Amino acid sequence: MSDGTQRTHLIIESGPDKGRLLSIPEDGARVGRSSSNDFVLSDISLSRFHCRFYFKDGALRVGDLASTNETLLNDQPVQDAPLAIGDRVHIGDTVLKVLCDVASVPAGEAPPAAPPPGDGAKHGEVDLGLQPVPAPAGPAAAPRTRRGRLVLIALAAVAVVAALYVAREFASSPGRLRRGGGAAPGASLWVRYEKVEAGVSNIFRYALDLGERTVSVRIDDLQGARHVRREGRVDPAVLEELARDLEQCGFFDLAAEYSGLQPDIWDQMDLSLSIGVRTHRVKVVNRVEPEAFKAARVRIEEFGRNQLGLYAIALPPEKLLAMSREAWLQGQKLSDEREVRFSNLHRAILAFTEVEDYLETVEPKPDYFEDALQRREECGRALDTKLDDFLFRAERALKMNDLSQADENLRIILEMMPDRSDERHQKAYQKLVDVQARMGRRR
């Protein structure tokens with residue numbers, strides 16, 4: 001923060017990193033065990049990505065990132081909540097105490113002393129650092145103090161007007177954030193989405209958190225006894241595409257809340273979205289969602305399914321059992337016919353993996369579940385052996401300058417391993433390009 005004085009916002013009061021001070025940057029910071037976090041803690045009871053501290057309207061907040069052991073604020077579990085000086089955030093075996101609850105101070109202005117809990121700043125209030133300076137003793141000091149207060153009030157009013165003007169300009173001119181009709185390339189994207197469907201017989205909760213290059217999803221279905229936790233890394237190009245789609249769906253033009261009344265049910269969708277400097281949160285409770293909200297929600301849910309393989313979570317257990325059995329039989333057939341086509345081993349592995357995905361939330365597991373896992377391991381070993389064999393043949397052919405034979409073996413490798421993200425596919429493809437170039441020069 002080159003234009004401000006950095007504040008110490010948190011101190012680790014207990015845990016393996018006791019005594020460590022944390023200063024939250026203006027764009028927020030994630031905390032957890034993973035080295036991809038902004039603050040990496042050595043507490044083994046933390047999730048890889050446990051929680052996020054960030055500022056909204058200048059005030060510090062904490063948001064849980066679908067952690068296994070939850071995030072507690074003053075001993076109460078929270079998903080997203082404002083913080084005040086003196087609050088304690090409990091994550092795993094670590095307790096963090098809030099020392100300051102606002103963003104950085106403008107350069108040249110000394111940070112005001114933090115008032116003790118219950119004295120001065122209230123929970124959720126933003127300390128602008130404009131508290132009146134205590135007047136020195138003596139009657140002559142009063143006019144000077146009043147003049148100082150008037151100046152400070154005038155400056156604060158100017159700052160508020162300027163902030164409102166900037167916010168209005170961004171709201172009315174979203175194109176400033178776009179190039180080619182979308183979000184600016186490289187613009188930061190943060191998403192927090194929660195859907196809760198509750199009735200007299202069941203509670204279903206879906207929560208997705210996306211920040212930088214990490215997405216996590218948490219699903220709880222009490223009636224189906226299904227509890228799913230997944231997280232993964234995301235390609236930056238995929239994030240840019242998602243940001244463009246969300247920027248164009250009209251979400252930032254929606255009101256903050258849409259509510260209706262329905263007896264015996266509670267359906268709530270809560271979506272917070274930040275793209276670059278724009279942030280907006282919309283809640284829809286017990287009513288049909290607006291089209292712009294639906295467009296954003298569907299795109300986000302689709303993103304979560306694609307990134308984490310959660311295609312089957314909405315299906316009933318009976319359907320999942322039928323699909324898993326079909327995948328198991330298909331995997332068996334492809335495994336038995338591994339010599340018929342070079343790609344059959346890879347396809348068999350995918351089929352057996354589908355069995356595991358379909359049955360992830362089904363209990364008890366059917367009797368063929370363990371067989372599918374064992375067969376997948378066996379097919380993986382067989383595929384590795386065949387790939388190594390044909391790679392050896394291709395390299396031997398290259399040493400002997402037999403380009404046509406090398407070309408044939410490399411093509412077989414690409415057929416055996418069609419996954420372009422696999423290192424063996426990439427290596428074979430690069431060699432094939434080189435071989436074809438050399439063959440072209442010979443002609």
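**Exercise 1.** Over the ring of which residue does the charged end of arginine 278 sit?

*Solution.* The model is predicted. In it, the ring under the charged end of arginine 278 is that of phenylalanine 252, and the distance to the ring centre is 4.3 Å. Phenylalanine 252 also belongs to an aromatic cluster with Phe251 and Phe293.

**Exercise 2.** Classify the aromatic pair of phenylalanine 251 and phenylalanine 252.

*Solution.* Start with the count: there are 5 aromatic pairs. The ring centres of phenylalanine 251 and phenylalanine 252 are 6.0 Å apart and the planes stand at 85°, so this pair is edge-to-face. Next, take burial, for which the cut-off is under 20% relative accessible area. Phenylalanine 251 has 0% relative accessibility and therefore counts as buried. Phenylalanine 252, at 14%, is buried too.

**Exercise 3.** Which parts of the chain does the pair of tryptophan 328 and tyrosine 368 tie together?

*Solution.* The two rings are stacked, with 4.9 Å from centre to centre and 15° between the planes. Tryptophan 328 is in helix H4 (residues 317-336) and tyrosine 368 is in helix H6 (residues 368-399), so the pair links parts 40 residues apart in sequence. Tryptophan 328 and tyrosine 368 are both buried.

**Exercise 4.** Are the faces of strand E16 covered or open?

*Solution.* In a regular strand, side chains alternate between the two faces of the sheet. One side of E16 holds Thr214, Ser216, Arg218 and Asp220, the other Val215, Val217, Ile219 and Asp221; all are buried, and both faces are covered. Strand E15 (residues 203-211) runs antiparallel to E16, joined by 8 bridges. One of the residues involved is phenylalanine 204, whose bridge partner in E16 is aspartate 221.

How values were computed. Residues are numbered from 1 along each chain as its sequence is written. This is a predicted model: local features need pLDDT of at least 70, side-chain atom pairs count only at pLDDT 80 or more; totals for chains, interfaces and linings use all residues. Side-chain values use heavy atoms; hydrogens and water are left out. Buried means under 20% relative accessible area, exposed over 50%, partly exposed in between (1.4 Å probe, protein chains only). Helices (H or I, at least four residues) and strands (E, at least two) are DSSP runs, numbered from the N terminus. Two strands pair if DSSP finds at least two bridges between them. Rings of Phe, Tyr and Trp (its six-membered ring) pair if their centres lie within 6.5 Å; planes under 30 degrees apart count as stacked, over 60 as edge-to-face and the rest as tilted. A charge sits over a ring if NZ of Lys or CZ of Arg is within 6 Å of the ring centre and within 35 degrees of the ring normal.
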